[in-house]
Amino acid sequence: MTLFTGVVAAMLSTWLAVVLMIAIHRFAAGSLIQDVRATAGRVAQKVEQQSQAYIPLVGSRVRNIQIVDPRGHVVDSTPALHGKPPMAQFTPDSQDSKHAVVCNGVFGANKCDIVVAQSAHRDHANWTVYASAPVVPWSVVPWLATLVGGSAIMLAVAITYLGNRIATVSLRPVGAIRRELDEINATCPARRVPVPTGTCEIHYLAKSVNHTLTRLQGAMERQRQFTSDASHDLRSPIAAMRAEVEDAMLASPEATMNRAGHAVLSSLDRLEAIVSDLLTLAKLDAGTPGGNEPVNLAELAEAECSRRHHTSKTLLCYLQRGVVVLGDRLRLGRLLTNLLDNADRHAEAMITIKVWQAESEGPRFPHGVAVLEVVDDGPGIEPDKREVVFQRFARLDAARRKDAGGTGLGLPIARQIAESGGGTLRIEDSDRGARFVLRLPRYLEAPLVYSVQT
């Protein structure tokens with residue numbers, strides 16, 4: 001908008017300056033022609049009176065005068081034209097005067113004068129008086145052109161500045177709306193964008209955005225309520241089905257019944273996992289507050305490493321003591337469990353857990369950053385699919401081949417737990433395998449001690 005305003009202002013200012021200079025030039029040229037014509041008329045009058053004082057040039061803008069007799073001979077002239085032929089070849093018209101621009105000739109190379117031919121009647125014959133003055137240049141006078149050009153530039157700059165200010169002030173409410181929309185997410189759907197005063201288009205835009213947000217909030221709440229209700233209602237029939245299958249397996253120990261029972265129980269396990277994950281997501285989506293206590297990430301990772309000593313994969317834990325965060329211990333434990341379960345499914349032979357602290361990365365982490373990494377030595381995840389794995393029920397082909405019974409909700413739950421604690425969970429580059437990096441705001445910590453466990 002500022003660029004458009006500046007271009008239009010420059011064009012209009014240039015056009016105004018040109019029109020103004022043309023008008024001033026025409027006025028100055030017309031005034032000069034009148035002056036030259038008046039001088040020629042006075043000289044012609046003296047010629048008719050047979051006066052000898054033909055050339056009165058004091059205080060006049062007329063530079064040259066010639067008096068030409070009926071035979072075309074110059075009878076008298078100003079000193080600069082002594083001995084030179086007539087300055088022009090045209091003669092006065094029926095109104096006894098005529099003017100034209102004459103270049104070169106007696107005036108010199110590349111020089112032009114306005115010449116007025118005035119008739120004088122003497123001795124029953126027509127004499128001609130030529131009077132000339134230099135043509136008016138397009139700039140008229142240098143200081144005038146400088147003044148008009150400078151004024152045009154200042155006008156263009158002023159209009160551009162005012163246009164920028166008007167655009168900035170007009171779009172300021174749009175910036176406020178955009179910033180508020182950037183901060184609104186699934187955890188705070190009740191927030192609304194600011195509505196500017198007045199009845200401008202931005203006012204109605206903000207009202208429409210708030211109306212849309214209200215409808216989206218209602219739809220999200222209905223979806224969460226449905227998920228929560230459905231998950232709760234499914235628990236009882238699943239438990240009843242499990243009890244019936246187990247009773248049938250105990251009552252009929254035949255091999256066929258056992259195979260069918262184990263197949264059904266495996267499906268029930270997956271169904272129970274989905275229902276449990278859906279309940280967890282419903283609570284996170286609803287913004288249900290969790291605990292807010294100091295949690296030592298190193299101790300949490302150490303406990304998880306101890307519980308997984310039976311795994312067939314080598315588990316390496318590099319823990320920096322004293323890295324403390326504020327959060328819900330159960331949710332953070334669930335986050336770490338989901339990351340390790342995912343790593344265990346895809347690792348070839350080794351899983352690495354690292355916990356350390358980093359320097360502050362802005363106001364989001366005022367006391368530093370607590371970092372937890374889970375790295376496996378599996379095939380890894382392609383960069384263009386790193387965000388896909390955090391979508392609900394999304395499972396890559398490699399994950400389906402590794403574990404057909406997964407729910408596709410573990411990583412989405414882990415990221416949502418991280419974001420609810422003011423942190424982030426991303427997949428970052430690694431030499432081999434997938435590298436999940438959790439960053440959380442660090443709490444005032446104790447002295448740091450390093451340890452390595454295998």
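Mentor: A salt bridge is a side-chain nitrogen of Lys or Arg within 4 Å of a carboxyl oxygen of Asp or Glu. Please keep in mind that this is a predicted model.

Trainee: At what N to O distance do the side chains of Glu387 and Arg415 meet?

Mentor: Glu387 lies in the loop between strand 10 and helix 7, and Arg415 lies in helix 8 (residues 410-420), so their pair ties together parts that are 28 residues apart in sequence. The cut-off for a salt bridge is 4 Å. The two side chains meet in such a bridge, with an N to O distance of 2.7 Å.

Trainee: Over the face of which residue does Arg415 lie?

Mentor: Arg415 takes part in the salt bridge with Glu387, and it also has an aromatic neighbour. The distance from Arg415 to the ring centre is 3.9 Å. The ring belongs to Phe390.

Trainee: With which residue does Phe390 form an aromatic pair?

Mentor: The structure holds two aromatic pairs. The one with Phe390 is edge-to-face, at 6.3 Å centre to centre and 80° between the planes. Phe390 lies in the loop between strand 10 (369-376) and helix 7 (397-402), and its partner lies in strand 12 (residues 435-441), so the pair ties together parts that are 46 residues apart in sequence. The partner is Phe436.

Trainee: What is the relative accessible area of Phe436?

Mentor: Buried means under 20% relative accessible area. Phe390 counts as buried at 9% relative accessibility. Phe436 is buried as well, with a relative accessible area of 2%.

Trainee: How many residues apart are Phe90 and Tyr130?

Mentor: Phe90 and Tyr130 form an edge-to-face aromatic pair, 6.1 Å centre to centre with 85° between the planes. Both residues are buried. Phe90 is in the loop between strand 2 (74-77) and strand 3 (97-103), whereas Tyr130 is in strand 5 (residues 125-134). The pair links distant parts of the chain, 40 residues apart.

Trainee: Which residues are joined with Arg435 into one network of salt bridges?

Mentor: The structure holds 12 salt bridges. In one of them Glu373 meets Arg435 at 2.6 Å, N to O; Glu373 lies in strand 10 and Arg435 in strand 12, so this pair ties together parts that are 62 residues apart in sequence. Arg435 also meets Glu428, at 3.4 Å, N to O. Through shared partners, the residues joined with Arg435 are Glu373, Glu428 and Arg439.

Trainee: Which helix gives the most to the nonpolar patch?

Mentor: This surface patch of about 460 Å² is made by Trp15, Leu16, Val19, Leu155 and Ile159. The elements that give two or more residues to the patch are helix 1 (2-48) and helix 2 (142-183). Val19, found in helix 1, is partly exposed, with a relative accessible area of 37%. The most is given, with three residues, by helix 1.

Key: Residues numbered from 1 in each chain as written. Predicted model: local features only at pLDDT ≥ 70, side-chain atom pairs only at ≥ 80, totals over all residues. Heavy atoms only, no water. Phe/Tyr/Trp six-rings, centres within 6.5 Å; stacked < 30°, edge-to-face > 60°. Helix = DSSP H or I, 4+ residues; strand = E, 2+ residues; numbered from the N terminus. Buried < 20%, exposed > 50% of the residue type's maximum accessible area, 1.4 Å probe, protein only. Lys NZ or Arg CZ within 6 Å of the ring centre and 35° of its normal. Patch = residues over 30% accessible without salt bridge, like charges linked within 9 Å, V, L, I, M, F, W, Y side chains within 5 Å. Areas by Shrake-Rupley, 256 points an atom, 1.4 Å probe, with all protein chains shown as cover.
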